[in-house]
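Please read them alongside the sequence and the structure.

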Amino acid sequence: MTKIKILVIEDSKTFNNFISTLLQQYRYDISQAYTLKESLEYLNINSYDFILLDLNLPDAQGEYLIDTIKEKTDTKIIVMTGDENTNQRDEYFQKGIIDYFIKTTPIQIIASNIHSLIQTISNSKSSNILTIDDSSFVRNLLKNVLTQKGYNVYAASNVEEGLNILNKYKVQLILLDLIMPGIDGINFLEIIKENPNYFDIPVVVVSGDSSRDNYARVLKNGASDFIKKPFIIEEVLLKCDLHIKSYLQGKKIIESQKEMAKQKSISKLLENIAHHWRQPLSVITANASAVILENQYKINGEISIDDRMKQIVDYTKLLSNTIDDFRLLFSKGFIPEEVKVHEFVDSLLSIHEDYIKSNNIEVIKNLQVESFYGFGEQLKQILTLLINNIKEHTINNKYIFITIKEKEGHIQIIIKDNGGGAPDEIIENIFEPYFTTKHQSFGKGVGLYVVYQIITEEFKGIIKARNAQFLQDNKAHKGLEFTITIPFIDE
C-alpha cells in the first residue's frame with residue numbers, strides 16, 4: 001500500500017521536527033520545508049497528498065502564502081498557526097484550505113487530530129453530498145469547499161433538480177435551503193422522509209430564516225441540523241463530517257445486523273431442509289435397496305420395480321429443485337438487460353404450459369409497458385417459483401393474473417390466483433425460511449424465502465403477499481396476490 005505523503009512547511013525547526021516525528025508514527029511519508037522558497041522546490045520535484053502549512057514564514061505570510069502554493073499545486077492544505085484571531089479564517093477556507101489548527105494546542109493532540117482528519121478524508125472519497133439552493137453563489141461556494149475536503153458534490157438549484165439527482169445517485173448527506181421558488185425546503189423534507197429510499201439520509205438545513213418557529217418546524221419534519229446564513233465554512237465542513245460519519249456508521253451497524261439475521265435465517269433454513277430431506281432420501285434409499293434385493297433373490301414385491309423407480313425419480317426431482325432454488329439465492333453478479341415484456345411473459349408461461357393446459361387455467365395478462373431494463377432471467381426464475389407456489393397450494397385454481405406496469409419510477413409485477421387465499425397467520429410468515437404449511441410434505445416454504453431474499457437484497461425492491469378479493473366474469477373470487485416492486489435500472 002502506498003504511503004500518504006505530507007509536506008510540513010514550518011519555519012520553527014523544533015515544532016517542525018516534533019510534528020513530523022509524531023506523524024511518522026502513523027506511517028506517513030514526511031518531507032520538511034522551512035520557507036516558501038524551499039517548499040516550492042519540493043513541489044517542483046515531488047507530489048504530495050497533504051501540505052501542513054504555517055501561515056507565518058520568513059518569506060511569505062497569510063493569504064499570499066496560500067495563493068502562491070495553490071498556483072503551484074492542488075494538494076490539500078491544512079493550516080497551522082499561532083494566531084488565534086479567527087477573523088480571516090473563513091477567507092482561508094474559501095481559498096481552499098481543508099482545516100485549521102492553533103499551535104497553542106498540545107502538539108500531540110494536533111498530530112492526532114490531523115491523523116483523524118486524513119482518515120475522514122480517505123473514507124469520504126466515495127461519499128456524495130447534494131446541495132439544494134437557488135443561489136448560484138452558495139451552490140458554487142459549498143461545492144468548492146466540500147470538493148476540496150474530498151467529497152463528491154452534486155448541486156441543484158431547486159427541489160425538482162434535487163429529486164432527479166436523488167433518483168440517479170446514492171447520496172449520504174443533503175444541504176438544503178428553505179426558501180426557494182416552487183417547492184420549498186419544508187415540502188422537500190416531507191417528500192423524502194415519506195420515501196423509504198431516502199428517509200434515512202441526514203438533511204442539514206442551511207437558511208437565513210432561523211426563527212424559532214422555522215427551526216422547530218424543520219427539526220420536526222426530519223432535518224438533522226440547522227446552519228444559519230451567512231454561514232461559517234468551518235462549521236459547514238465540521239457538520240458535514242459529523243453527519244456523514246454518523247450515517248455511515250449507522251449503515252455499518254444495520255448491515256452487520258442484517259448479516260447476523262441472514263446467517264441466523266440460513267441456519268434455520270438448513271435445519272428445515274435437513275429435516276425434510278430425510279424423508280425423500282429415506283424413500284430413495286429404501287426403494288433402491290428393495291430393487292437390488294428383489295432383483296438379487298428374484299422376488300416379486302408388492303410394489304413394482306417401475307413404481308419404485310418412478311418414486312426415486314420424483315423425489316430426486318424435488319431434491320434437484322431445491323438445489324436450483326439455492327443456486328439462485330447465492331449467485332452473484334446479476335447482469336441487467338432489456339426485458340421485452342410480452343416475450344418475457346410468453347417465455348415464462350411456456351415453462352408451465354402442461355400445468356395450465358391440464359388444469360384448464362385461464363391466464364389473464366395486463367401488460368402496460370413494452371419493455372424495461374432489468375434482470376430478466378432472474379425475474380423469470382423468481383416468477384416461476386411464485387407459480388410453483390400456486391401449483392402446490394391451490395387445488396381448484398382456474399385463473400392466473402399477471403400484471404406488469406410502471407409505478408412512480410419502479411417496475412411493478414403482480415401475480416394473483418383464485419385459489420381461495422391463505423389463512424392470515426400463514427400470510428404473516430410466508431417468506432420465512434423455516435416456515436412451512438405442510439410439515440409432512442417436502443420443500444414447502446423454501447422457494448418463497450429465496451424470492452424474498454433476491455427481491456430485497458439483490459434488486460433493492462419490495463415484495464408483499466396478501467389475500468385479494470375481486471370480481472372476474474361477474475363472479476366473486478378470492479386468491480393469493482404477490483406484488484413485486486423494483487426500482488428502474490439506468491442503461
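1. What does the accessible surface of the chain come to, and what share of it belongs to carbon and sulfur atoms? The surface is about 26100 Å², with 49% belonging to carbon and sulfur atoms (Shrake-Rupley method, 1.4 Å probe; for residues, only the protein chains shown count as cover).

2. This is a predicted model, in which local features need pLDDT of at least 70 and side-chain atom pairs count only at pLDDT 80 or more, while totals for chains, interfaces and linings use all residues. Residues are numbered from 1 along each chain as its sequence is written, and side-chain values use heavy atoms, leaving out hydrogens and water.

3. The chain has 16 helices and 19 strands (DSSP runs: helices H or I, at least four residues; strands E, at least two; numbered from the N terminus). Of its 491 residues, 46% count as buried (buried is under 20% relative accessible area, exposed over 50%, partly exposed in between; 1.4 Å probe, protein chains only).

4. Helix α5 (residues 107–123) has 17 residues. Its buried residues are Ile107, Ile110, Ala111, Ile114, Leu117, Ile118 and Ile121. They cover an arc of only 120 degrees around the axis, so they sit on the same side of α5 (the arc is that of the directions from the helix axis to the C-beta atoms). The face turned away from this buried side carries the exposed residues Gln108 and Asn123.

5. The buried residues of α5 pack against β1 (5–9), α1 (13–24), β3 (50–54), β6 (76–81) and β7 (97–102) (contact means heavy atoms within 4.5 Å).

6. Ile299 lies in the loop between α10 (233–297) and α11 (305–330). Ile299 is partly exposed, with a relative accessible area of 46%.

Note on methods:
Expected span 1.5 Å × (residues − 1).
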